[in-house]
Amino acid sequence: MLFTGGCNVNSSLMPQFSCHDDPVTPLRLLEPSGALVAGAVSPLDDEQLLRALRLMMLSRAFDAKGISLQRQGRFGTFSPVHGQEASVVGSAFALDPSCDWIVPQYRELPALLHQGLPLEQFILYFNGHPDGGKIPDGVRLFPIQISLGAQLPQAVGLAWGLHLQKIDGVVLTYFGDGASSEGDFHEACNLAGVVRAPVVFFLQNNGWAISTPRSRQSAARTLAERAPGYGFSGVVVDGNDLFAVYAVTAAAVERARAGLGPTLIESLTYRLGAHNTADDPTRYISQEILDSWSDRDPILRVQRYLAARGVWNDDTASEFRDDISGTIDQALAAARATPPPAAEDLFRHTYAQLTERQARQLREYAL
Amino acid sequence: MSQMNMLEAIRDALGTEMAADERVILLGQDIGKFGGIFRATDGLFAKFGDKRVIDMPLAEGAIIGSALGLALSGLRPVAEIQFLGFAQQAFHQIVPQVARMRYRSRGRFAASMVIRAPFGGGVRTPELHSDAIESQFAQAQGLKVVAPSNPYDAKGMLLSAIRDPDPVLFCEPLHGYRFIKGEVPSSPYMVDIGKANVVRVGSDVTLFAWSASVDLAMRAAEVLSTEGVSSHVVDIRSLLPLDVDSIVGAAEKTGRCVIIHEASLTGGFGAEIAATISRDAFYSLQAPIERVTAPDAPYPLGAAEQMFIPSVERVVAAVRRTLEVQ
């Protein structure tokens with residue numbers, strides 16, 4: 001009902017004070033049962049799907065391993081991807097690592113691996129080794145971002161800079177529903193719209209910012225619909241559907257590459273694990289909700305699809321598990337073999353060269 | 001060589017480096033056709049176009065955050081923030097992001113960029129425009145913080161800053177933009193970042209200052225010379241990195257030190273200089289180190305600012321106090 005209070009004017013001249021409240025259906029191509037939605041086709045072939053599945057399973061296995069090691073005091077505080085694997089892998093697969101960039105937050109391990117970061121590097125970082133932040137030369141990836149939202153204007157600048165220099169490349173940046181409340185989100189989207197930066201804002205709405213639910217972040221019906229306010233498109237996708245995430249991201253990347261500017265993708269997923277290893281989600285999430293999302297498990301969905309096509313069975317599953325477990329053990333061993341940090345590592349890379357004061361302070365460590 | 005004021009020297013440096021290096025781009029509010037609110041970029045839009053002299057949305061965080069991304073894409077951004085007080089709106093990008101990018105990426109990425117901003121009082125600005133908050137940035141390891149006091153240094157240090165592999169916060173003296181003048185070579189030259197400069201040689205007392213306070217120190221030195229007091233004046237020029245050896249040497253020369261700055265006393269950068277002298281020149285000191293600063297209060301509205309910022313009278317009084325100690 002229209003509010004008709006206020007001053008005495010002809011109400012038919014007044015604008016309508018309203019906003020959208022009808023429900024939005026996210027794009028879905030693959031049902032939780034593993035069946036394609038009527039009329040849909042898979043945007044990835046079986047070989048690509050098996051590679052994506054391996055990465056999703058690697059991520060899930062690493063989460064379990066990392067939590068176990070953390071509980072034993074052999075790994076630092078980290079944030080598992082558990083539940084969001086399709087969202088992360090589907091989006092990363094839409095990029096060409098030989099020219100496109102990822103500007104991450106911190107809950108996107110498989111995307112970083114796909115982009116070319118060695119797993120042992122990620123392990124080193126969460127083991128607290130300063131050199132864990134090193135991005136190998138040639139890998140188009142920013143360091144993990146801890147200050148939520150701060151990566152967003154940086155991603156816009158990077159994309160805009162590539163565009164200004166006529167360098168082929170699209171930038172995809174990850175963030176969450178919580179980070180979308182930061183001022184940097186607004187400033188970044190606003191600037192991206194103005195300069196038509198070739199950037200994809202990939203918002204993983206996993207329902208929670210530690211213990212704060214999505215409903216406390218924004219009164220907007222969807223987070224994606226903020227995009228038109230900045231002059232570009234926002235779309236909502238089933239974040240547990242690898243096919244839909246890939247298809248939507250690939251379209252956004254293609255648009256950016258063609259000079260059509262930014263896109264905001266809201267990937268509706270769910271954090272099945274904890275915020276991080278210091279969190280206790282049983283204090284604020286009920287088991288019933290977790291169970292309902294477990295039925296929509298992104299990995300099971302792809303496995304069911306592939307099983308129906310005859311390319312996935314118990315034998316392939318066990319092969320994958322063994323291969324993944326070997327990969328993780330190898331990376332853990334490589335990380336363990338890295339020498340511990342020295343006093344020099346405290347100062348190194350602060351500036352291109354040590355300042356005189358730093359050099360003096362470093363000498364004091366040797367005394 | 002020609003006579004220039006601070007703004008002309010800064011504009012000359014920007015134009016020089018933009019002509020020499022096509023990677024250099026300017027970002028800021030109102031810097032294009034308008035030439036910047038102080039005209040620091042006047043004429044550069046016409047010469048280099050809207051792809052290199054870029055008017056930005058009114059968002060300091062986006063200016064600095066995107067400049068960091070632009071730098072990593074291979075460009076050399078020089079961002080203008082209209083007043084250093086407004087850099088608080090981008091503090092979260094400058095200190096934890098720009099300053100640390102090299103360190104966090106272990107040398108893979110260098111934030112080679114410059115942030116220019118005027119600061120300091122004396123021109124009766126509205127609130128927040130005059131705040132001298134340079135010491136807040138001097139804790140940002142990975143950032144360089146400089147504050148030239150004269151046109152020669154402004155041009156030479158800005159050229160050095162743009163070519164520097166590390167990010168530089170380039171603080172400009174708002175009060176002296178037009179009245180501080182000096183001879184500036186027309187050809188390019190560099191003034192090293194991280195080096196203090198003796199601007200007046202003396203033997204009785206050492207005055208330490210930077211930016212607009214150097215002019216104040218020089219005027220105080222003139223007054224003192226009529227009383228037979230010989231002042232040694234050091235222009236700190238670079239807060240981070242700090243030229244410890246020059247500061248200690250200048251303190252030892254007279255054993256009596258007065259530090260001048262426009263920020264409030266508590267936590268001001270003078271504390272860092274005083275502590276450095278106390279530690280490294282302790283046995284040469286003849287008197288307690290004096291600091292002439294703003295009081296511990298917020299920057300006031302214009303009608304009260306002359307009581308707030310350091311004056312020649314307060315500097316002269318502080319020097320007399322140090323000379324009284326036998």
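**Entry 1: chain B overall**

I began with burial in chain B, where 58% of the 326 residues count as buried; a residue is buried if 20 or more other C-beta atoms lie within 10 Å of its own, exposed if 12 or fewer, and partly exposed in between, with C-beta atoms placed from the backbone. I note that this is a predicted model, in which local features need pLDDT of at least 70 and side-chain atom pairs count only at pLDDT 80 or more, while totals for chains, interfaces and linings use all residues. Residues are numbered from 1 along each chain as its sequence is written, and chains are lettered from A and ligands numbered from 1 in the order in which they are written.

I then looked up the radius of gyration of chain B, which is 19 Å and agrees with the value near 20 Å that a compact globule of 326 residues would have; the radius is taken over C-alpha atoms, and the globule rule is 2.2 Å times the number of residues to the power 0.38. The C-alpha trace of chain B spans about 60 × 40 × 40 Å along its principal axes. I found 12 helices and 14 strands in chain B, where helices (H or I, at least four residues) and strands (E, at least two) are DSSP runs, numbered from the N terminus. Among contacts in chain B between residues at least 6 apart in sequence, 80% join residues at least 24 apart; two residues are in contact if their C-beta atoms, placed from the backbone, lie within 7 Å.

**Entry 2: the domains of chain B**

I looked up the division of chain B, which gives domain 1 (2-184) and domain 2 (197-324), the bounds coming from an automatic or database domain assignment. The C-alpha centres of these two domains of chain B lie 26 Å apart, and their contact takes 26 residues from domain 1 of chain B and 23 residues from domain 2 of chain B. On the domain 1 side, the elements that give two or more residues are α6 (134-137), β6 (144-146) and β7 (168-173) of chain B, and β6(B) gives the most, with three residues. By class, that side of domain 1 of chain B has 11 nonpolar, nine polar and six charged residues, where Ala, Val, Leu, Ile, Met, Phe, Trp, Tyr, Cys and Pro count as nonpolar, Asp, Glu, Lys and Arg as charged, and the others, Gly among them, as polar.

**Entry 3: chain A overall**

I turned to chain A, which has 12 helices and seven strands. Its radius of gyration is 22 Å, close to the 21 Å that the globule rule gives for 367 residues, so chain A is as compact as a globular protein of that length. The C-alpha trace of chain A spans about 85 × 60 × 50 Å along its principal axes, and buried residues make up 44% of its 367 residues. The domain assignment of chain A gives domain 1 (24-336) and domain 2 (342-367), with C-alpha centres 37 Å apart.

I traced an open sheet of five strands in chain A, with the order β1-β2-β3-β7-β6 and parallel pairing; two strands pair if DSSP finds at least two bridges between them. The edge strands are β1 (101-103) and β6 (233-238) of chain A, each pairing on one side only. Six bridges join β2 (residues 171-176) to the parallel strand β3 (residues 199-205) of chain A, and within β3(A) the bridge partner of Y174(A) is F202(A). Helix α5 (residues 151-164) of chain A packs on the sheet, touching β1, β2 and β3 of chain A, and its direction makes about 170° with that of β2(A); axes are lines fitted to C-alpha atoms, for helices over the stretch in contact, and angles run from 0 to 180 degrees between N-to-C directions.

**Entry 4: where the chains touch**

I looked up the contact of the two chains, which takes 34 residues from chain A and 35 residues from chain B. On the chain A side, the elements that give two or more residues are α5, α6 (183-195) and α12 (356-365) of chain A, and α5(A) gives the most, with 10 residues. The residues of this side of chain A divide into 16 nonpolar, 11 polar and seven charged.

**Entry 5: backbone exceptions**

I checked the backbone, since most residues other than glycine have a negative phi, and most peptide bonds are trans. A cis peptide bond joins L240(B) and P241(B), with omega about 0°, and P241(B) is in the loop between β12 (238-240) and α9 (244-254) of chain B. I210(A), not a glycine, has a positive phi of about 50° and lies in the loop between β4 (208-209) and β5 (212-213) of chain A.
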